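Please look over the sequence and structure first.

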Amino acid sequence: MIMLKKSIFASSLLAVTAATLMNAAPGAYAANEVSITIDAKKAGPVINKNIYGQFAEHLGTGVYEGMWVGPESPIPNTKGWRNDVIGALKNMHVPLVRWPGGCFADEYHWRDGIGARDKRPVKMNTNWGNVEENNAVGTHEFFDLVDLLGADAYVNGNLGSGTPQEMAEWVEYLTGDGKSSLAELRRKNGRDKPFKVAFFGIGNEAWGCGGNMTVQHYTSLYNQYASFLKAPKDYMPQFIASGGHDDDTTWTDHLTKHIHEQWNMRFDGISFHYYTVPTGVWEKKGLALGFPEEQWISTLKNTLRMDSLIKNNVAKMDKNDPKKKIAFNVDEWGTWYDVEPGTNPGFLYQQNSLRDALVAALNFNIFHAHAERVRMTNIAQMVNVLQAMILTEKDKMLLTPTYHAFEMYVPFQNATSLPLTIKNNRKYSLGATSIPSISASAARALDGKLYLSLVNTDPNQAVDITIDVAGEKVAGLKGRVLTANAMDAHNTFADPQAVTPVAFNALASGGKVSVKVPAKSVVVVAAE
Ligand code: AHR
């Protein structure tokens with residue numbers, strides 16, 4: 001760790017030295033050096049804070065153990081939720097949590113999760129490991145969680161194995177403000193005021209675990225279910241339709257043609273799922289750690305596909321919904337590896353390395369670029385499942401490199417994006433595979449400062465970049481960098497700080513700032 005700190009300090013020093021040299025020899029930058037120009041005067045769309053949303057499914061130890069230990073647990077907790085995990089999640093400003101699934105949502109019956117906890121029915125979680133689900137975490141416990149985090153709630157309803165009546169009654173139970181028996185039942189269970197449900201999902205992956213439906217069949221069901229979802233005006237959630245995944249744009253096209261316009265139905269957003277699999281082959285996805293460089297580049301290349309997937313779907317939406325009323329919400333994304341050896345394959349437990357932090361940052365930069373349509377996303381998943389922020393082991397907890405990427409990007413929440421151009425971007429290549437070396441994004445944050453994020457995908461070469469902020473006087477850049485010596489550097493319970501951000505600063509000279517972005521790194525800096 002000390003070694004790491006030293007080398008980053010050294011690279012910052014190099015940057016400062018280069019800037020100082022430039023004072024002596026203005027215009028000495030090589031013509032083919034990577035350069036970034038930010039237009040500080042030209043505001044783009046606002047980056048909705050919900051782009052930084054999380055996903056917590058009843059899956060493995062993601063909710064139970066990882067976050068929920070129950071009020072009687074010796075592990076310090078508030079209303080059953082672990083204090084250490086809640087504290088860490090609050091530090092990364094979680095804006096939104098999606099719950100209870102995923103595939104689990106389409107087998108979840110909300111009445112199982114209300115009332116006295118010791119009287120709740122035990123079911124089998126057939127999607128995820130066929131383990132017992134005792135329903136200890138239900139509606140009220142979930143809202144305790146989002147209240148503790150200061151986050152908004154995204155509740156996913158059961159369309160696959162439920163009924164329109166069951167879904168409508170859940171929405172009424174959650175949001176009813178009158179004297180109906182369901183609103184009274186909620187009060188009897190301890191919640192007087194309606195819950196604020198920011199988003200309500202009408203089914204999940206209807207093309208797969210949510211019912212194996214055609215888009216035509218799902219669209220009819222959406223119209224049927226949505227017709228009965230009523231809520232008081234102040235508590236009306238945004239309704240999200242289950243959309244497509246990967247290359248398939250037919251769901252986006254059909255839904256945007258056949259819900260909103262034809263029936264004038266509440267339809268606020270489409271859910272879209274895309275997971276980054278190193279090999280691209282689900283049967284042998286690749287390992288979370290100890291992978292070859294071929295899987296470093298293939299993982300980053302596969303994650304960069306997010307950009308064209310969004311573009312292709314947004315093109316359909318721009319045709320069918322030119323007023324841009326409907327959002328394109330990537331409500332499941334992240335890396336999906338082979339599970340850690342010796343763990344329950346149904347629990348989707350994987351380690352998380354520096355590579356995951358780059359995956360997160362590359363996706364953030366892509367989401368920022370599409371902020372006009374992409375107004376909410378949820379990484380899968382928050383704790384102990386897939387690309388997690390936090391891993392736990394009994395009473396211990398560690399923050400993953402992905403956590404650090406999220407925490408470094410906090411200033412981008414609700415910031416106004418700024419146009420940026422990258423010239424002479426280098427290519428990082430391995431064999432026949434090539435990807436751009438540098439990805440960047442800039443925005444004006446709520447604190448008034450201009451922030452810049454930089455990702456260097458090359459695991460071997462640092463990259464010199466000249467940054468020009470047009471329309472603003474900049475004395476330097478100040479922030480942090482996340483990097484390490486190994487591609488699969490990661491935090492463990494024995495060494496929880498192995499990958500952690502350190503200071504990264506550079507001074508301006510001649511109105512420009514020169515930085516050396518370390519190999520395999522994520523940088524977030526503010527203009528000073
Ligand atoms: O995140 C794990 C699973 O992936 C979700 O339950 C499902 O929606 C998707 O297939």
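A pocket is an open set of points, on a 1 Å grid over the protein atoms alone, with protein on both sides within 12 Å along at least five of seven lines. Points are joined across faces, edges and corners, and a volume is the space filled by probe spheres set on them.

The model is predicted: local features need pLDDT of at least 70, side-chain atom pairs count only at pLDDT 80 or more, and totals for chains, interfaces and linings use all residues. Residues are numbered from 1 along each chain as its sequence is written, and side-chain values use heavy atoms, with hydrogens and water left out.

**Largest pocket**
- Its lining has 20 residues (those with an atom within 4 Å of a point); Asp307, Asn365, Ile366, Ser439 and Ala440 lie nearest the centre.
- At least two lining residues each come from helix H9 (293-320), helix H10 (354-369), strand E17 (420-423) and strand E20 (438-444).
- Helices (H or I, at least four residues) and strands (E, at least two) are DSSP runs, numbered from the N terminus.
- E20 gives the most, with five residues.
- The lining divides into 12 nonpolar, five polar and three charged residues.
- Here Ala, Val, Leu, Ile, Met, Phe, Trp, Tyr, Cys and Pro count as nonpolar, Asp, Glu, Lys and Arg as charged, and the others, Gly among them, as polar.
- The largest pocket lies between domain 1 (11-44 + 417-527) and domain 2 (49-413), because both give residues to its lining.
- The domain bounds come from an automatic or database domain assignment.

**Cavity**
- A cavity is a set of grid points where a 1.4 Å probe fits but cannot get out.
- There is one cavity of 30 Å³ or more.
- The largest cavity has about 40 Å³ of space.
- Tyr108, Trp110, Gly157, Asn158, Glu166, Met167 and Trp170 line it.
- Helix H4 (residues 164-175) supplies the largest share of that lining, three residues.
- Four of the cavity's lining residues are nonpolar, two polar and one charged.

**Ligand site**
- The ligand is surrounded by 13 residues (a heavy atom within 4 Å); Glu57, Cys103, Glu205, Tyr275 and Glu332 are the closest.
- This shell has six nonpolar, four polar and three charged residues.
- Polar contacts are pairs of N or O atoms within 3.5 Å; within protein, one must be able to donate a hydrogen and the other to accept it, and residues adjacent in sequence count only if both atoms are side-chain atoms.
- Glu57 places a polar side-chain atom 2.7 Å from a ligand oxygen atom.
- For Glu205, the distance from a side-chain N or O atom to a ligand oxygen atom is 2.8 Å.
- For Gln381, a polar side-chain atom is 2.9 Å from an oxygen atom of the ligand.
- The ligand alone exposes 280 Å², and the protein buries 94% of that (Shrake-Rupley method, 1.4 Å probe).

**Backbone**
- Most residues other than glycine have a negative phi, and most peptide bonds are trans.
- Glu205 is not a glycine, yet has a positive phi of about 40°.
- Glu205 sits in the loop between strand E9 (197-202) and helix H6 (215-227).
- The Ala380 to Gln381 peptide bond is cis, with omega near -5°.
- Gln381 is in the loop between strand E13 (377-380) and strand E14 (390-393).
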